[in-house]
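Have the sequence and the 3D view open as you read.

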Amino acid sequence: MKLTPAQLAQFERDGYLFFPSLFKPDEVKTLTDEVPRLYAMDRPENVREKGSRAVRTNFAAHLYSAPFARLSRHPRMIEPVEQIFGEQLYMHQFKINGKQAFDGDVWQWHQDYGTWLNDDLMPTPRAMNVAIFLDEVNDFNGPLMFVPGSHRLGALPAGHDLSTTSYPLWTIDNEAIATLVEKAGGRQGGIVAPKGPAGSMILFDSCLVHASSSNLSPWHRVSVYLSLCAVSNHIRRHKRVEYIAHRDFTPVECLPDDCLQRPYPVELPWEKGTPASALVTSLDALPQGERVAA
Ligand code: SIN
Ligand code: MN
């Protein structure tokens, strides 16, 4: 899937693009049928909400689930990002966020690149998030909120929040958010929240400031996020476990467009469990230019 010049200009201006209903119901079903099995697994890749068994986020399913392995090679997700960066991509992070009915907790205001820079020493923001809604996203189940245009400011000062939720994040303080929202239009468009049916896709810049509130509704808001990094921009440190920040910088090779409708064969290297090496971490920077395969 290729972006038009108008879409490229809109992405440059706003920092995100929204594609309502890009994936058909039968394609989404291939994925949603698999989520309960993944969330029931007793694996470290399932991070649960603070004080609850509800899964906040499941990491790296593309390495142990066939439907998600096929999704991770989907041309509708990969090709637009390759077009924007003009080079091949590797999977920096892959997650299925639960935002479960009644239990889904907040994601504080942040830029993903803040965490990728501070924790993983990713050299530049040449990385992108692509999200697919596996449930309808509405006003009530914690839609993702963006400050349009905030990506143009690059990496903003951030603090390491280790206490608000069960997942550590480099977050932006309230005063800075208030200023950014005001500059982006205040009550007239300073915050936007794309909403739509299951199967909708959002592509958003790694410097775009975003957050989501808790889900007090009776409706789950499960979404999948691919974080795709330009291969030349691979991370330079393994401070975080490998299922959160991947160490295999092999370029993603796309499958055909019908890969959620046909069982194309895929490798599942972590099907039998998380390799011990994935849990080894280090505060040392990798020697310049070194490429380490998983
Ligand atoms: C994220 O910021 O990575 C996830 C936010 C959300 O799922 O609401
Ligand atoms: Mn984020």
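A residue is called buried when its relative accessible area is under 20%, exposed when it is over 50%, and partly exposed in between, using a 1.4 Å probe and the protein chains only. Lysine 99 is buried, with a relative accessible area of 2%.

This is a predicted model: local features need pLDDT of at least 70, side-chain atom pairs count only at pLDDT 80 or more, and totals for chains, interfaces and linings use all residues. Residues are numbered from 1 along each chain as its sequence is written, chains are lettered from A and ligands numbered from 1 in the order in which they are written, and side-chain values use heavy atoms, with hydrogens and water left out.

**Two residues in one loop**

Helices (H or I, at least four residues) and strands (E, at least two) are DSSP runs, numbered from the N terminus. Lysine 99 is in the loop between strand 4 and strand 5. Phenylalanine 102 is in the loop between strand 4 and strand 5 too. Is phenylalanine 102 buried or exposed? It is exposed, because its relative accessible area is 56%.

Now look at the backbone. Most residues other than glycine have a negative phi. Lysine 99 has a positive phi, near 40°. Phenylalanine 102 also has a positive phi, of about 70°, and is not a glycine.

**The ligand and its shell**

Which residues surround ligand 1? They are Lys95, Asn97, Trp107, His110, Leu144, His210, Ser212, Arg221 and Tyr225. A residue is near a molecule if one of its heavy atoms lies within 4 Å of it. The shell has three nonpolar, four polar and two charged residues. Here Ala, Val, Leu, Ile, Met, Phe, Trp, Tyr, Cys and Pro count as nonpolar, Asp, Glu, Lys and Arg as charged, and the others, Gly among them, as polar. Strand 4 (89–97), strand 5 (107–110) and strand 11 (210–212) each supply at least two residues of this shell.

Some side chains make polar contacts with the ligand (a polar contact is a pair of N or O atoms within 3.5 Å; within protein, one must be able to donate a hydrogen and the other to accept it, and residues adjacent in sequence count only if both atoms are side-chain atoms). The table gives the distance from a polar side-chain atom to an oxygen atom of ligand 1.

| Residue | Distance to an oxygen atom of ligand 1 |
|---|---|
| Lysine 95 | 3.2 Å |
| Histidine 210 | 3.0 Å |
| Serine 212 | 2.6 Å |

Taken alone, ligand 1 exposes 250 Å², and the protein buries 99% of that. These areas come from the Shrake-Rupley method with a 1.4 Å probe.

**Another loop**

Asparagine 138 is in the loop between strand 6 and strand 7 (144–146). It is buried, with a relative accessible area of 12%. A polar atom of its side chain lies 2.8 Å from the backbone nitrogen of phenylalanine 140.

**Pairs across the chain**

Phenylalanine 59 lies in strand 3 (residues 55–59). It counts as buried, at 0% relative accessibility. Phenylalanine 59 and asparagine 138 are 79 residues apart along the chain, and their C-alpha atoms are separated by 24 Å.

Leucine 121 is in the loop between helix 6 (112–118) and strand 6 (127–133). Why does leucine 121 count as partly exposed? Because its relative accessibility is 29%. Leucine 121 and histidine 234 are 113 residues apart in sequence and 8.7 Å apart in space, C-alpha to C-alpha.

Alanine 69 is in helix 4 (residues 66–71). It is buried, with a relative accessible area of 0%. From alanine 69 to leucine 260 the C-alpha distance is 9.9 Å, across 191 residues of sequence.
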